[in-house]
Amino acid sequence: MITVLLKRITITRTKLTPPIIHSLSISSLRSIHHQQITTSMSQPEKKIETEEELERKKKKDEKAREKELKKQKAAEKAELAKLKAQQASNAPKKSVKKITKRDAAEENPADFVDPETPFGEKKRISAQMAKQYNPSLVEKSWYAWWEQSGFFVAEPHSSKPPFVIVLPPPNVTGALHIGHALTTAIEDMIIRWKRMSGYNALWVPSMDHAGIATQVVVEKKLMRESGKTRHDIGRENFVSRVWKWKNQYGGTILQQLRRLGASLDWSRECFTMDEKRSKAVTEAFVRLYKEGLIYRDLRLVNWDCILRTAISDIEVDYTDIKERSLLKVPGYDKPVEFGVLTSFAYPLEGGLGEIVVATTRVETMLGDTAIAVHPEDPRYKHLHGKFAIHPFNGRKLPIICDAILVDPNFGTGAVKITPAHDPNDFKVGKRHKLDFINIFTDEGNINSDGGSWFAGMPRFKAREAVTDALQKKGLYRGAKNNEMRLGLCSRSGDVVEPMIKPQWYVSCDSMAKQALNAVMDFENMKIEIIPKQYSADWKRWLDNICDWCISRQLWWGHRIPAWYVTLEEDERKELGSYSDHWIVARDEVEAEAEAREKFSGKKFMMCQDPDVLDTWFSSGLSPLNVLGWPDDTDDLKVFYPTSILETGHDILFFWVARMVMLGMKLGGDVPFRKVYLHPMVRDAHGRKMSKSLGNVIDPLEVINGISLEGLHRRLEEGNLDRNELVVAKEGQVKDFPNGIAECGADALRFALVSYTAQSDKINLDIQRVVGYRQWCNKLWNAVRFAIGKLGDDYSPPLALVVETFPFSCKWILSVLNKSISKTVTSLNSYEFADASYSVYSWWQYQFCDVFIEAIKPYFAGDNPAYSSDRSSARDALWVCLETGLRLLHPFMPFVTEELWQRLPTAMGSGRKESIMICEYPSTVEGWSNESVENEMDVVESTVKCLRSLRKQETKRLPAFALCQTDTAEVIIASHELEILTLANLSSLKVLSRTDAAPAGCAFENVNENIIVYLQGTLNAEGELHKIRSKMDEIQKQQEKLKKTMNVTGYQEKVPSHIQEENVAKLAKLVQEFDFFEKESTRLEVEIGTEQ
């Protein structure tokens, strides 16, 4: 059979003559090779040589024979490969096509449809793989089975080392947004990887009660349904309504996290206001108070007049105003003017004239208690110690000197001081012991201290009234544009008002020092922040920390465990009138017992503080209380400290630093060993996502897909005004002209993880997600092809004998080993984008693009000559699929589970139920093979050049490879089958450096040792132009190098090894120039012949 078929093929080796080969079998070939070698060894010497010369010649001849033997073996292998390729191509194709058509006709469509799976049971997959990847079908049913099977549950008594992540608790009111999706993608990838790597992996889900956000939602609902406020129905009734809303609607986001595949241990689900967490919050407050770290004080806070509560700094959004602007403010019918600096005069006592001041908030002058000047300002030295008179209430305002606040070169050099309504003025008031006069009610109206003329006016209407009154008194001195930053509450949109209020505070100095050292003490580092640059932010914030206001004037939240005692004998009966009348206790019974002891023999009444705690206080205890603190639970013993906190860098201080402070103080150790801070997600243009821009991306819309009309509908259901709606829709039309294609959770997760290399911001382009969805389809089809080649009766081996594998199989296992190593190394160093790329590039560029194509000849027909290679290829295919899917699983859990479940099982291997509880791949000794990889690099480079020469040509063409070295010649000849297959050639002839270049061919340099030629694609004039350009470039390089080598002192000053390198470079350039010169001459002749 082989002897007959050999007659049909064109011989590609010039050193073996066609007449002989046409009549030889493979065994005869080997005999001829042996005879040639024997003859060479037995030739008589023509002259008598010395013993030493004979020995030298003998060694030289032996070396030459070894080289020739290698070349002959390579030629033999190439001929055999070509023979096999020819046999495959000569297979009866028509009958194969007929069979394929007949099989297609006999296909049962029902075989490609997944049967219905009862909820929680293992997914019932179709008998045949669907011909295309469908994310909604693939991602169906797996999650419920994982959860019901207990795969997410960690055991406190496990012998495995613990690895713990606490999910940053999403708001109970929240719906899934892209930030949550990024957090979930990263954390689930980490936890799945660690679980598969042999850890007792725990990922704790929790949910935040979100004090302000939840209260706002329920208040709006109450007003919409009944026209009442919370004050109308009372605290107890309102809180009852909030709990009812929470139980009915809250927690939607936790269900949505399941859609993303988050493998959270739901058996440990927590809510910040459940009984155990509430107990922990109370215990923390009491302990810190007893240690003197919580106290009550009268200080300035960010006040929201709509919500009537203090808010944290993170809940204040700042907007920059460049000039006079009219803005809508909640509660006002007309827009309010901002960006204006108003000047007015205070008359001086004793007829000394006036002093002019300026302000952007003229209504606050009603609370002024001083005027500050710089002590060295000569304009006002005569006024030191004098007084100005308030025009509306006659209050005497001292002229004080303050070099810290006042810049004599700014404005008039005189500054009005309102200690109760400005942060800088508050500090001045403290320094100079000024009066602190609050002029606003909690609703933002002027109170009685603001004067009878203005009492009851809303603050921004009072602004106009004060300006008018100043004009009438002749004290108004004009207004001008003024650039400013305006603070707005992120919840209500109200303009934040600095107001002085009695509040509870946490003393942070000592705890902040501990938290700072935990990160910055490099000899005893307890926490590593990733990326490292955020350590500088950590230091800056904690070095400049202020005490933390933890009380909020809300009804929904953890009620502050403090009771105010009003004695019968007290003159002032208002809540908080006497600072020493507060009792902090775990409950009312304990508080009453302590009050009786403290005020023994006195009659009193007791009232709990109506305020609640800042939500950040309760969430700051998360790593402790989700594990059962303050009780000494098994979970706390085993899982605290947790392993890593993963969150956005924007809350490094507001949440992360506070968790560290509270964890170290109350838990005795840092709450986590590492902090990984992910970037903030922006749109594809780098803009912050905003409803008014129409660029907000809902992860569920990316997963499920949505039309442009659907995107528009979502905007219309929001609260944008007409103009904003027009702009937002235009933005959607520009960015999503065809809506958003269905991408699935796997593609979205993979895209988000791959984006994490983008510094502190992710510019999310949906088309990249779509690209990964298409890649899922390629992955699906590659596995479908591979499973088809395995066959129904295939049984995977328990062990591989890699040494016997064909070249391409050795190569794919070697590069798989390298990908495993790179992926695991990247995961360990938290370089998640690198890890995702390592997995992706192996599947895409090595498995799909090269390996699957390279082994196709083994399966083209049932050729017995391919029997061994085909068997090895099957084994390599199965190992690659099984290992590669495990490698990919943490990134894409759904599709990998579906595909893995379809793989045949090795007999007696004890297969796991799910891929997610399998072992994560590790490198295999014996797979790595650098020489094979180096040879495949040459093969791939050769194929790439041949494909480049092919351009748009689709038919198979003959090619030539001119090799300048014996090594290159052996490599090309040995891997002729791979090159023929991957480059889609009709033939490949290997030429030695002594052979002439073939005519009528376009050529490309693979490297310095290999040039490839392709027939039928020559554009002689174009090639000639290309050659001349390369010759010009080489000449320039030669001249530059010669100039360097001819510099005075070169021989003496330049190290010898560099001189040797330069000589080699020059020789190589000369060789390249000579080659291109010959090619140029050849092409000129061809062009001349054509003409």
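This is a predicted model: local features need pLDDT of at least 70, side-chain atom pairs count only at pLDDT 80 or more; totals for chains, interfaces and linings use all residues.
Trainee: Let's turn to sheets. What is the strand order in the open sheet of 3 strands?

Mentor: The general idea comes before the case. Strands of a sheet pair through backbone hydrogen bonds, either parallel or antiparallel. In this sheet the order is 23-22-24, and the pairing is antiparallel. Strand 23 (582–584) and strand 24 (604–608) are the edge strands, each pairing on one side only. On average, neighbouring strands of this sheet are turned by 30 degrees against each other, direction ignored.

Trainee: How many bridges join strand 22 and strand 23?

Mentor: Strand 22, residues 562–567, pairs with strand 23 over 3 bridges in the antiparallel sense. To find your place, look for Tyr-564, which stands opposite Trp-582 in strand 23.

Trainee: Which helix lies across these strands?

Mentor: That is helix 18 (residues 588–598), lying across strand 22, strand 23 and strand 24. Helix 18 runs at about 145 degrees to strand 24.

Trainee: Which strands stand at the edges of the open sheet of 4 strands?

Mentor: Follow the order, 6-5-18-20, again with antiparallel pairing. Strand 6 (309–311) and strand 20 (548–549) are at the edges with a single partner strand each, so one side of each has no neighbour in the sheet. Strand 5 (residues 294–304) is joined to strand 6 by 3 antiparallel bridges, and Trp-303 stands opposite Ala-310 in strand 6. Helix 14 (residues 423–432) lies across strand 5 and strand 18 (497–506), at about 145 degrees to strand 5.

Trainee: Now a helix pair: at what angle do helix 26 and helix 32 cross?

Mentor: The axes of helix 26 (residues 744–754) and helix 32 (residues 893–901) cross at roughly 125 degrees and come within 7 Å. The two helices are therefore oblique to each other.

Trainee: Which residues make the contact?

Mentor: Helix 26 contributes Ala-745, Asp-746 and Arg-749, while helix 32 contributes Pro-893, Phe-894 and Val-895. Sorted by class, this contact has 4 nonpolar, no polar and 2 charged residues.

How values were computed:
Residues are numbered from 1 along each chain as its sequence is written. Side-chain values use heavy atoms; hydrogens and water are left out. Axes are lines fitted to C-alpha atoms, for helices over the stretch in contact, and angles run from 0 to 180 degrees between N-to-C directions. Angles under 35 degrees count as roughly parallel, over 145 as roughly antiparallel, 65 to 115 as roughly perpendicular and the rest as oblique. Contact means heavy atoms within 4.5 Å. Ala, Val, Leu, Ile, Met, Phe, Trp, Tyr, Cys and Pro count as nonpolar, Asp, Glu, Lys and Arg as charged, and the others, Gly among them, as polar. Two strands pair if DSSP finds at least two bridges between them.
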